[in-house]
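The entries below follow the order in which I looked.

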Amino acid sequence: MTVTRESPRVSVNKLGQYLTATPSLRKRIIQGQKHPVDPQYLRYPAAAQAIIEFLCEGRDEVILRYHQRRLLNAQPESDYDAHRLALCAEALQRCLVSAGDLATRAIASPVDADLPPLAMAGVDISVRPDVLLRSVDAQGMMRSGLLKLYFSKHTPLDERSGQYIATVLQRYAEERLEQRGPVDPRLVGVFDVFAGRLFQAPKAQQRRMNDVRLACEEIAARWDVH
């Protein structure tokens, strides 16, 4: 069952795709964001929770392997559920291979679940970062950042999409984490789990933020059409 969102809203991961998409894909993204699927049909919450636990509990590979076995041994309730469990287990395997150097110098902790969206040009951008990162710099000052997980087996992020997402994360961190210490761009990024790639915000962000604002204006203008 799907619901209909009356007000324009887009996830930061879909916004990153939107910014590099063809016209037909942009239309499908708006339709998918206006009429999202029921949460019970989301594929990767179990994998995301396992990776968050792994990052926040000392980065012990035993954590990922435990959850991988648990998913593989679970009794599926349907063919869809079996497919979902297999995808989550595969995502954890990819993470085991590629996450060894992911934010190793930072302390990771879960992010508050009730963080508000980022409002821009009439659109609420649902950022929903997965992990808060903190580290002490050479001067002894606490720095902060955010990590977002991206899951798609067949649609990996390219360099441009990844940098757009990371740029929005950077802006969000600057607005929401001031009390946690200055934001360190090296602690802000989106991790493509299946591709094993970490994308961080580039130093030159103004043009990309202008692109983000224009994309939001376009989404807001087309919302009622779809």
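Entry 1. I started with the strand pair at one end of a sheet and noted that Phe191 stands opposite Leu198 in strand 8. I keep in mind throughout that this is a predicted model. Strand 7, residues 189–192, pairs with strand 8 in the antiparallel sense, and I find four bridges between them.

Entry 2. In what order do the five strands of this open sheet run? I read the order as 2-5-6-7-8, with mixed pairing. Strand 2 (107–110) and strand 8 (197–200) stand at the edges, and because each has a single partner strand, one side of each is left without a neighbour in the sheet. Neighbouring strands here are turned by 30° against each other on average, direction ignored.

Entry 3. I then looked up the other open sheet, which has three strands in the order 1-4-3, again with mixed pairing. Its edge strands are strand 1 and strand 3 (118–120), each of which pairs on one side only, and the twist averages 30° from one strand to the next. Strand 1 and strand 4 (residues 123–126) run parallel and are joined by three bridges; within strand 4, Ser126 is the bridge partner of Ser11.

Entry 4. Which helices lie across these strands? Helix 6 (residues 159–176) lies across strand 6 (142–150), strand 7 and strand 8, and runs at about 55° to strand 8. Helix 6 also lies across strand 3 and strand 4 of the three-stranded sheet, where I note an angle of about 115° to strand 3. Helix 7 (residues 206–222) lies across strand 1, strand 3 and strand 4, running at about 120° to strand 4.

Entry 5. The elements that give two or more residues to the lining are strand 1 (9–11), helix 1 (12–18), helix 2 (23–34), helix 3 (45–56), helix 5 (79–98) and strand 6.

Entry 6. How many residues of each class make up the lining of the largest pocket? I record 22 nonpolar, 12 polar and 10 charged residues.

Notes: Residues numbered from 1 in each chain as written. Predicted model: local features only at pLDDT ≥ 70, side-chain atom pairs only at ≥ 80, totals over all residues. Heavy atoms only, no water. Pairing = 2+ DSSP bridges. Axes fitted to C-alpha atoms, helices over the stretch in contact; angles between N-to-C directions. Contact = heavy atoms within 4.5 Å. Nonpolar A, V, L, I, M, F, W, Y, C, P; charged D, E, K, R; others polar.
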